Amino acid sequence: MSVNPLYHQTNSRMMEELDWIQRAKADPAHFAPLYKKYHEQIFRYVYQRMDDEEMAFDVTSQVFMKAIKNLHKYEFRGVPFVSWLYRIAKSELYQAFRDNKADRMVNIDTVQVTGFIEEFEHDENEENKERLLLCLSKLKEEDMQLLELRFFEKRSFKEIGEILEITENNAKVKSFRALEKLKKLFINKNE
Amino acid sequence: MKHFKVNLDRKKLTSEYIESKQNFDSILTKVNMSKPGFWKSAWFYGTIGLSGVAAIVGYNFSQSESNINETIITQKNIIQQTTVSPAEAENELLIARHVKTVETYSAPVEKKVTVIPEKKTTAPMPVTTEKNTDAPGNTIESVVLKEKTVDKIAKTKTVSRNGMPSISGVYNGDIQWENFKQGEIFVAEDLSVKQFSIQYTSRLGDKTISVEGSKIPQDVVLDLEKLGLNQTVFITNVIAKNDNGDLMRCYSMDLNLKFK
């Protein structure tokens, strides 16, 4: 499975980013290049999980506001800055759900549905598609998060680990377990 | 049970559209607006807190200083005479015919009693300590206190009930004249009285005298004896010194003198 290339950065890129961060710590106006670079990624991450577009933009703004406010707490740990932004985004997103400002939504396209059905070695028909969507809706939040990050957004296990604050190996194990749960649900429904 | 709503093939937003929604300036403005005021910052609270503590400490210090500087009219100081009734003023003149000067308690004290014996005050006005000029030539300069020596008490604190001062075992209430005039103020084994004030009524009126030491001054005894009436004597500002040299303020005493 191919992974999202946006996350993978060269060392020189990361150093350049670090320079922006240092300058932004002194003056928030210098956060602009980071905002420009990551706004779309963060928005897509948020919008993938909710239905309301305007609310997704609002949450994205909140993410960047929080990032600027808490930039003094940021410590470079050899991973791209965006993983820190994703963690803030995850927190803001669930805060929005808790405040009932938005509903949790799973957005999937036909190609991904087909991919799952093929993985489960079943026929790709309308009935199975419907069944898969029903099974997805019945997954637990933790499993759904892993499937979204790994199979919908095609992120590496390292990145998943950083977003969910777990180890890379743990992300790997948990992702496959989540897939197994979906498969089990799907097969049981089929029988 | 369903946990999520699932959307299939939702219309994708283009990168251009998302970029068009970028507004870094508004985010920056919101960040600046949401910055807490300087009054919410740690350094502000720290400064205010320290100033407050300093103010409280300073206030307490000045209070203790004012206590320290409390004037104690010592034995060297003297007789502050209060208002005397006209009848007493006449009486005073009669006394003055026989007494030229009033004895002083100690060397630095200067007391003057100047009397014009031939003329009597006739006015119904009260005679005051300093001057009472009723008519030209009728002047009673009864008593003058001259110098007030102020002793500074380094530190005073109220002692416990155990430190209740007493004279001949009496700390309050009736006391026989004989016991009083020969007695001295006793507080406790480890406390010796260094000074006190005594208030009483003499033939010249009410008097407040500050005394160094623990004994009732002989002059006071004479004054009281001359009047020879049962009266209440107030002993206040009793300052005692302990073995460590700390000065302490003891409780006051109200003693009812009983002449036989």
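**Strands, helices and a chain contact**

Guide: In this predicted model, B:Val233 has B:Leu255 of β11(B) as its bridge partner.

Visitor: What makes β9(B) and β11(B) a pair of strands?

Guide: A pair needs at least two bridges. β9(B) (residues 232-242) and β11(B) (residues 253-258) are joined by four bridges and run antiparallel. The count meets the cut-off, so the two are paired.

Visitor: Which other strands of chain B does β9(B) join, by how many bridges?

Guide: Seven bridges link β9(B) to β7(B), residues 191-202, and the two run antiparallel. In that pair B:Gln195 stands opposite B:Ile239. Three bridges link β9(B) to β10(B), residues 247-249, again antiparallel, with B:Leu247 as the bridge partner of B:Lys241.

Visitor: What lies between β9(B) and β10(B) in their hairpin?

Guide: Four residues separate the strands in the hairpin, where B:Gly245 takes a positive phi near 90°.

Visitor: Which residues other than glycine have a positive phi?

Guide: Among them are A:Lys154, with phi near 55°, and B:Ser168, with phi near 50°. A:Lys154 sits in the loop between α7(A) and α8(A). B:Ser168 sits in the loop between β4(B) and β5(B).

Visitor: Why is A:Lys154 called partly exposed?

Guide: A:Lys154 has 15 other C-beta atoms within 10 Å. Buried requires 20 or more, and exposed requires 12 or fewer. The count of 15 lies in between, so A:Lys154 is partly exposed.

Visitor: How do you know the class of B:Ser168?

Guide: The cut-offs are applied again: B:Ser168 has 17 C-beta neighbours inside 10 Å, and therefore counts as partly exposed.

Visitor: How much of chain B is buried?

Guide: Of the 260 residues in chain B, 22% are buried. The chain has six helices and 11 strands. Among its contacts between residues at least 6 apart in sequence, 68% join residues at least 24 apart.

Visitor: Why are α2(A) and α3(A) called oblique?

Guide: Their axes cross at roughly 130° and come within 9 Å. Roughly perpendicular ends at 115 degrees, and roughly antiparallel starts over 145. The angle falls between these limits, so α2(A) and α3(A) are oblique to each other. The crossing is right-handed.

Visitor: Which residues make the contact of α2(A) with α3(A)?

Guide: From α2(A), the contributors include A:Tyr35, A:His39, A:Phe43 and A:Tyr47. From α3(A), they include A:Glu53, A:Phe57, A:Thr60 and A:Phe64. By class, the contact has 10 nonpolar, two polar and one charged residues.

Visitor: How many residues of each chain lie in the contact between chain A and chain B?

Guide: Chain A contributes 31 residues and chain B contributes 20. On the side of chain A, the elements giving two or more residues are α2 (32-47), α3 (53-69), β1 (105-108), α6 (126-137) and α7 (141-152). That side divides into 16 nonpolar, five polar and 10 charged residues.

Visitor: What makes β1(A) and β1(B) a pair?

Guide: Four bridges join β1(A) to β1(B), residues 5-8 of chain B. The cut-off is at least two bridges, so β1(A) and β1(B) are paired. The two strands run parallel, and A:Asn107 stands opposite B:Asn7.

Technical notes
Residues are numbered from 1 along each chain as its sequence is written. Chains are lettered from A and ligands numbered from 1 in the order in which they are written. This is a predicted model: local features need pLDDT of at least 70, side-chain atom pairs count only at pLDDT 80 or more; totals for chains, interfaces and linings use all residues. Two residues are in contact if their C-beta atoms, placed from the backbone, lie within 7 Å. Ala, Val, Leu, Ile, Met, Phe, Trp, Tyr, Cys and Pro count as nonpolar, Asp, Glu, Lys and Arg as charged, and the others, Gly among them, as polar. Axes are lines fitted to C-alpha atoms, for helices over the stretch in contact, and angles run from 0 to 180 degrees between N-to-C directions. Angles under 35 degrees count as roughly parallel, over 145 as roughly antiparallel, 65 to 115 as roughly perpendicular and the rest as oblique. A crossing is left-handed if the near helix is turned anticlockwise from the far one by less than a right angle, and right-handed if clockwise.
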